[in-house]
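Hello,

Here is the structure I promised to pass on. Have a look at it first, and my notes follow below.

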Amino acid sequence: MKRIILLTAFLLNSACTTHTEQNLAVTANTPHPTVIAHRGASYDAPESTRAAYIMARDLGVDYLELDLQRTKDGVLIALHDDSLNRTTDVAKKFPDRKDKPVSEFTLTEIKTLDAGSWFNTAYPDRARASFAGLQILTLDEVIDIADSGGQHKPGLYIETKVPKLFPGIEKDLRNKLEARGWLNGHRVVLETFEKSSLELLDQEMPNVPKTLLLWVGDGYMDAAPSKPFDASTDKDWASWYARQQPKDRAAFESWIDFAVLHHATAIGPSVALANGGEQSYMDLAMPWMNQMAHDKGLLVHAYTIDEAVDFERLTKAGVDGFFTNRSDALLRYIGGPVAQDKQAILSAAGF
Ligand code: G3P
Ligand code: CA
């Protein structure tokens, strides 16, 4: 499949305008399909660390994805989970606070944590001694990595993660991107699951593309009736998620309309993966859903997809871009080129 670059100007969304994939209201120079490195090259290196972001950058992705949180002393950092427990040695270094959110730790404390060794334990086939001791990164450090790409400088795709825990984080993000010169002439997309955060991002950065991430249930999109997992006969969570659906077409459309009203440029649906697994969720990227999004002027960037069988199905269903842990697999699927060998990238970066 040949990649195209969308050269359309940034246009206002309009619920009454019919769009095609190529003339959607998007920023100039948006690659299509879009390659979004989910927490960096997180299949091959510890997520959201220097190793993962350098590898994704040098493979040639369009965007480095990160989940934004804020330390006790007000520093913006990249971390996915609500606590530090899964991906660091916080239980050893700060046992009394091991389940606390990042907002209970200063940056100095966070920088003492080892955010690499967990990966070596979890994935011995991909382990490297040099991953041990990798640090959690500040947003500034992720920007530095993107900026220091040689011929290829990726953009940033930034999620406000649990934004209610961090009041004012949208403004902090605006200030940081502005101070770093990233609000002009750089590719940035902002993303959130939270309607309230989309509104604030729209107020703070009206001209930056934004994606409303989608989920069913738990206070998000109204769900069709379903037994809870524990009362179901599903063998695993992926099977259970795959059966969860929006309550009806109107429930789905109301989220699309909210995204349009607050000037989102894309939706970010979860998908059910062919081979299941921990990141296989409800399928919110069905053809009729993608068509509705396109008809209302929105692109569709689906999460989180790593295998060709899913790239193929979802491309046929109308998806415009993919969050992926395996950037090399996606780049190969869309016809590359994969800029460099993974081993060579890590070696050159000192890993
Ligand atoms: O941001 C898209 C995707 O990353 C959403 O899921 O939980 O990995 O942040 P999560
Ligand atoms: Ca994310």
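Donors here are N, O and S atoms within 2.8 Å of the metal (3.2 Å for Na, K and Ca), and water is not among the atoms, so sites may look incomplete. This is a predicted model, in which local features need pLDDT of at least 70 and side-chain atom pairs count only at pLDDT 80 or more, while totals for chains, interfaces and linings use all residues. Residues are numbered from 1 along each chain as its sequence is written, chains are lettered from A and ligands numbered from 1 in the order in which they are written, and side-chain values use heavy atoms, with hydrogens and water left out.

Now the metal site. Glu65 (OE), Asp67 (OD) and Glu159 (OE) coordinate the calcium ion (ligand 2) at 2.2 to 2.4 Å. Along the sequence, these donor residues follow the spacing E-x1-D-x91-E. Both Glu65 and Asp67 are buried, meaning under 20% relative accessible area (1.4 Å probe, protein chains only).

Val142 is in helix 5 (residues 139-147); helices are DSSP runs of H or I with at least four residues, numbered from the N terminus. Its relative accessible area is 0%, so Val142 is buried. Leaving aside residues up to four places away in sequence, Val142 touches Tyr53, Leu64, Leu66, Ala78, Leu137 and Leu156, where contact means heavy atoms within 4.5 Å.

Best wishes

How values were computed. Buried means under 20% relative accessible area, exposed over 50%, partly exposed in between (1.4 Å probe, protein chains only). Helices (H or I, at least four residues) and strands (E, at least two) are DSSP runs, numbered from the N terminus.
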